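Here are a few notes for a first look. Please keep the structure open while you go through them.

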Amino acid sequence: MIRVRAAFTASALGLAVVMSWGVMPQTADAQAQRLGMDTSRGVYSFAPNLEHSLPAVVKVQALGRASVASDDGPKPIQGGSGVIIDAANGIIVTNHHVIDGGRNFTVDLPDGRFLDAELVGADEDTDIAVLRARGTGLTQVAQVDSDELRTGDLAFAVGYPFGLDQTLTMGVISGLNRTGRGDTIEDYIQTDAAVNMGNSGGPLLDSRGRLIGINTSILSGGMGGGNDGIAFAVPTRIMRFVVDQILAHGEVRRGQVGMVVGSLTAPRARELGLNIVRGAVVYDVRPGSAAERAGLKRSDVITSLQDRPMVNGGSVQASVGITTPGTQLPVTYLRDGKEGRTVLRVEDAPVHAVRLGSQEAIARGLTVRAGSDGVVVQVVEAGSLAASEGLKAGDIVTRINKASVRSLADFASAVDGQDRLHIVVERDGETMEFDLIR
């Protein structure tokens, strides 16, 4: 009974970590230490669990072009935080948006040193970037599989907010598999640990000081964009895949299954006779693709992939986007209100740039159809460059590079074999321009 009471009391204080440590300690002092009690000071503290990880958290500065009129060298253009995951090789993980646009990079260590760093590679879709810094006496953080997390676990965000020195904040895991912010590659950890400007790229740690995610963004209702208790982190499950790909290839090589999906919205659900708004609608299945061989069809609603619930199009994109070719993915889907199951085999990315059919054309993440107003964008593929640049369903394509687009054949001809596309569209009576560069 005494042990049960001790565990219950710790839970009420938000300090229940007993179960993660295995067998209950035999002495009162050891038991108190396991529960976060610093017996020498008589206070609860997670400092002993976190102190070994804090030296691995660094400040990242992205530097721009040097001023012609100054000899002071390149100027900082933006900054954030990062975390060392491999001390021997100086490998640091941060956010893509922290380093985006930078030409040179530096990292400030907690001990006061600063090091030059080189960009190994970055992935905009997951907002992950990898830097390498050469230095001695570096510390790395331990990692844990983010799939082991549970809502209610303690979480600690570490970084350099608002130009301050290294700062630690505490909260809980507020939610998992968060993908409701769009149709990009998303599978976030949500936490209420305070994350502010400058925290981007810093680690989210568990109560034992192990890395569970990379802080990347917040939702804020305030005019100043401050913390409102809703922050998101890229889980280690995704981070490790991206980092491994970048270290191996300098870029992320993703598999594909040959289908275009979008989020299941309330209007679309009513059209399909469904009373749910969570899932991914299949908008297109490419001929000869893995999706076609698996028997998937247009208007199927994917509810589970690889035994993970699919909240929207971003869920599917995240699951497929961090899977290597050859992997088998079990799928659960709804068709005409009835549940079906199949298996998708992930394939290498397609070689052909354009697929032209009688009713639609598919290229560079865009599915377009000929309409009375011209060539209309029907679907923007989740995670594609077209999606990140802001193209939307309903846009009317009028020009690509210097060629007018009046038909599907015009679209296919203008896109085929081009590394750079300057796309002009009409949207709500306004002309908008986008550049897609691969």
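1. A term to start with: buried means under 20% relative accessible area, exposed over 50%, and partly exposed in between (1.4 Å probe, protein chains only). Helices (H or I, at least four residues) and strands (E, at least two) are DSSP runs, numbered from the N terminus.

2. The model is predicted: local features need pLDDT of at least 70, side-chain atom pairs count only at pLDDT 80 or more, and totals for chains, interfaces and linings use all residues. Residues are numbered from 1 along each chain as its sequence is written, and side-chain values use heavy atoms, without hydrogens and water.

3. Look at helix α8, residues 313-321. Nine of its nine residues are buried, so the rest of the structure largely encloses it. Among them are G313, V316 and G321. What do they pack against? Their partners are α5, β15 (259-263), β16 (280-285), β17 (301-305) and β19 (328-335); contact means heavy atoms within 4.5 Å.

4. Now α5, residues 236-249. This helix lies across β13 (211-218) and β14, at about 50° to β14. Axes are lines fitted to C-alpha atoms, for helices over the stretch in contact; angles run from 0 to 180 degrees between N-to-C directions. Its buried residues include R237, F241 and I246. G250 follows α5 with a positive phi, near 80°.

5. Finally, the barrel. Six strands close it in the order β9-β10-β11-β14-β13-β12, with antiparallel pairing. Neighbouring strands are turned by 45° against each other on average, direction ignored. Two strands pair if DSSP finds at least two bridges between them. β11 (residues 188-191) and β14 (residues 231-235) have three. T191 has A231 of β14 as its bridge partner.
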